[in-house]
Amino acid sequence: MKLAVYGKGGIGKSTTSCNISVALSKRNKRVLQIGCDPKHDSTFTLTGFLIPTIIDTLQSKDYHYEDIWPEDVIYTGYAGVDCVEAGGPPAGAGCGGYVVGETVKLLKELNAFDEYDIILFDVLGDVVCGGFAAPLNYADYCIIVTDNGFDALFAANRISASVREKARTHSLRLAGLIGNRTAQRDLIDKYIDNIPIPVLEVLPLIEEIRVSRVKGKTLFEISEVDNSLSYICDYYLNIADQIITSPEGVVPKEAADRELFSLLSDFYLTKVKDTSSAINPEEEMSLVVI
Ligand code: ADP
Ligand code: MG
């Protein structure tokens with residue numbers, strides 16, 4: 001099964017992906033996580049360091065695929081999760097889709113692409129140009145990480161549109177949304193009332209998750225020494241268990257931009273009337289722009 005995890009930059013895709021990968025491994029699945037963000041830190045909490053990227057490795061070998069060994073690009077991280085970082089195209093030139101294409105091509109040459117029970121692509125979703133949508137060509141499921149704010153839901157809506165587009169030519173489904181770093185879900189609920197999408201889990205802001213990134217460890221590794229944190233692992237195990245059952249998911253019908261602005265901003269305006277403190281200045285700015 002191939003999964004593509006999308007969401008706006010900084011929303012928690014890599015943190016969530018690494019912990020889901022470990023959770024799947026704990027359920028006896030052979031897992032490969034492929035970081036497809038030019039930031040190339042997707043697998044950091046699995047391996048504890050920044051592994052060389054496929055693009056850097058290809059460049060250093062003058063694109064001679066036959067000179068590259070699996071151990072040059074595939075690093076085994078915590079709980080036996082295998083890790084690859086695609087790397088980024090040259091800044092301001094090149095294309096993210098090309099990078100993903102080269103990564104898949106190389107993994108196929110190394111006979112690694114069909115070796116795993118689950119391959120998880122961790123992909124940024126601020127810009128869903130054809131290039132960054134490329135992992136959807138290989139995926140059975142898309143999963144979107146979002147918080148309870150306008151920007152992340154706007155990105156989620158764009159990603160949903162890409163899923164619908166790609167689902168026309170192969171059997172791709174949107175497994176669901178993961179709410180992250182939010183105690184509230186009213187805006188998420190408002191969105192899915194109009195655009196029906198399952199919610200797999202909602203994780204609050206948890207200081208230990210933030211710290212885990214700095215430590216270069218997943219929550220599973222950290223909770224080995226501090227058992228009081230195992231409740232956090234349960235969120236990720238719950239997501240993994242839903243994935244394993246091959247959920248039905250949806251092919252979403254995204255909102256038109258204008259519809260989305262009015263849907264989420266009407267809601268904002270009511271909130272402003274109700275409780276003037278319930279909206280942060282950044283969110284207020286997006287209303288001004290509207
Ligand atoms: P992305 O991959 O989407 O760019 P990251 O996974 O790198 O985002 O997360 C961005 C930051 O948010 C990291 O410092 C991470 O530790 C933190 N973070 C992610 N999820 C949570 C959470 N539920 N609670 C607290 N901090 C979180
Ligand atoms: Mg990331």
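Let me start at ligand 1, which has 17 residues around it, and of these Gly-10, Lys-13, Ser-14, Thr-15 and Arg-181 come nearest. Please keep in mind throughout that this is a predicted model, and that every value I quote has been computed from it.

If we sort the shell around ligand 1 by class, we find five nonpolar, six polar and six charged residues. As for where the shell comes from, two helices, α1 (13-26) and α8 (207-215), each supply at least two of its residues.

Now to the polar contacts, beginning with the backbone. A polar backbone atom of Gly-10 lies 2.8 Å from an oxygen atom of ligand 1, and for Ile-11 the corresponding distance, again from a polar backbone atom to an oxygen atom of the ligand, is 3.2 Å. Thr-15 contributes through its side chain, where an N or O atom is 2.6 Å from an oxygen atom of ligand 1. How much of the accessible area of ligand 1 does the protein cover? On its own the ligand has 570 Å² of accessible area, and the protein covers 90% of that.

Ile-11 also leads us to a residue that I would like to discuss separately, namely Asn-180, whose side chain reaches the backbone oxygen of Ile-11 at 2.9 Å. Asn-180 sits in a loop, the one that runs between β7 (173-179) and α7 (186-194). Is Asn-180 buried or exposed? Its relative accessible area is 8%, and since the cut-off for buried is under 20%, Asn-180 counts as buried. Leaving aside residues up to four places away in sequence, Asn-180 touches Ile-11, Gly-12 and Thr-16, then Val-145, Thr-146 and Asp-147, and finally Leu-203.

Let me now step back to the protein chain as a whole, in which there are 12 helices and eight strands. The radius of gyration of the chain is 19 Å, close to the 19 Å that the globule rule gives for 290 residues, so the chain is as compact as a globular protein of that length.

Methods: Residues are numbered from 1 along each chain as its sequence is written. Chains are lettered from A and ligands numbered from 1 in the order in which they are written. This is a predicted model: local features need pLDDT of at least 70, side-chain atom pairs count only at pLDDT 80 or more; totals for chains, interfaces and linings use all residues. Side-chain values use heavy atoms; hydrogens and water are left out. A residue is near a molecule or strand if one of its heavy atoms lies within 4 Å of it. A polar contact is a pair of N or O atoms within 3.5 Å; within protein, one must be able to donate a hydrogen and the other to accept it, and residues adjacent in sequence count only if both atoms are side-chain atoms. Accessible areas come from the Shrake-Rupley method with a 1.4 Å probe; for residues, only the protein chains shown count as cover. Helices (H or I, at least four residues) and strands (E, at least two) are DSSP runs, numbered from the N terminus. Ala, Val, Leu, Ile, Met, Phe, Trp, Tyr, Cys and Pro count as nonpolar, Asp, Glu, Lys and Arg as charged, and the others, Gly among them, as polar. The radius of gyration is taken over C-alpha atoms; the globule rule is 2.2 Å times the number of residues to the power 0.38. Buried means under 20% relative accessible area, exposed over 50%, partly exposed in between (1.4 Å probe, protein chains only). Contact means heavy atoms within 4.5 Å.
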